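Hi everyone, thanks for coming. Let's have a look at today's model together.

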Amino acid sequence: MSRRHNSTAQVFFSPVKAFLIIFNFMSRFTATLVILCFACTAQSQNIDGTWRGKLTQGPGGCFPVYFIEMQLKVEGLKIYGSSYHFSDVNNFVKENFEGVYDSKNRSLTIQETGPTTFHVPPDCIPCIKHYTLALNRSRDSQNMIGDWGGRMMNSQMSCPPGRIFLTKETSSIFNEIKVDTGNLRLDFYDNAEIDGDSISVSVDNKVVVTHQMLTAKPITVFVRIDFIKTEHEVVMIAENEGSIPPNTALLIVTAGEKRYSLFLSSDVDQKKILVRFIYEKPK
């Protein structure tokens with residue numbers, strides 16, 4: 001038989017080992033903080049991009065329901081960008097805006113600074129709006145919902161207020177490109193599987209392409225820039241959605257030595273996409 005020995009175990013930490021344990025803990029703690037901070041930054045930056053939806057307006061407004069697209073940018077907690085209010089791409093108001101993002105309450109406060117471009121019926125007056133929006137996220141989508149009010153352009157009269165609902169989108173139906181050359185080449189391709197998508201194209205309200213199918217071979221349009229009239233508008237009209245909705249197109253713009261790629265997507269609600277070219281004299 002073996003004899004049982006009663007003994008007390010003693011553990012000793014050297015100063016070096018203790019330092020390594022503390023250093024390892026602090027490193028993990030710091031890494032966790034960095035990940036959390038990065039997640040917070042990524043979350044706030046995730047609102048950057050294109051948001052599109054609908055506005056409702058009380059009695060006395062020009063349209064009881066119409067569309068809005070916000071092209072929103074974020075720098076820290078500061079928000080700025082452009083908004084388009086429209087019934088279609090031929091009747092719209094473009095306004096710049098600025099505001100603040102409250103990451104704690106997941107809310108946005110936005111104030112428009114006034115119209116920069118507008119094409120509206122003669123009896124309609126653009127409204128300079130302010131918005132209070134709440135941000136909501138789900139696994140598949142992001143949306144913002146809230147209230148808006150404002151005043152009429154060149155007046156202190158209030159606009160009939162209303163509600164606003166926006167959804168995060170992957171593409172814009174209002175695009176602007178600044179160019180410094182007088183000749184542009186536009187090549188339209190099917191952006192995905194060739195499925196029978198067909199388009200028409202107009203340049204400054206003149207139809208130049210009618211019901212042509214998008215394929216791997218481009219539909220080419222040439223645009224001559226007028227140096228006196230510095231803005232030119234190209235509208236792509238989705239004539240159908242092919243066998244795989246929506247109607248998607250890749251537009252390659254060649255402006256001198258510069259090339260731009262635009263991914264255009266339109267559906268049954270928004271059949272038109274506008275690209276505005278703005279000439280700026282070379283410096």
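Leaving aside its neighbours within four places in sequence, which residues is Phe188 in contact with? Contact here means heavy atoms within 4.5 Å. The list for Phe188 is Ile199, Val201, Leu214, Lys217, Pro218, Ile219, Val221, Met236, Leu250, Leu251 and Leu264.

A quick word on the source: this is a predicted model, where local features need pLDDT of at least 70, side-chain atom pairs count only at pLDDT 80 or more, and totals for chains, interfaces and linings use all residues. Residues are numbered from 1 along each chain as its sequence is written, and side-chain values use heavy atoms, with hydrogens and water left out.

Back to Phe188. Together with Leu186 and Phe277, Phe188 touches the most other members of the largest nonpolar core, which has 34 residues. Such a core is a set of buried Ala, Val, Leu, Ile, Met, Phe, Trp, Tyr and Cys residues joined through side-chain atoms within 4.5 Å. Buried means under 20% relative accessible area, exposed over 50%, and partly exposed in between (1.4 Å probe, protein chains only). Strand β17, residues 272-279, gives this core its largest share, 5 residues; strands are DSSP runs of E, at least two residues, numbered from the N terminus. A second, separate core has 22 residues, including Phe97 and Tyr131.

Now to Tyr80, in strand β3 (residues 78-88). Why does Tyr80 count as partly exposed? Because its relative accessibility is 28%. Tyr80 is in contact with Phe97, among others beyond four places in sequence. The C-alpha atoms of Tyr80 and Ile110 are 8.3 Å apart.

Key: Helix = DSSP H or I, 4+ residues; strand = E, 2+ residues; numbered from the N terminus.
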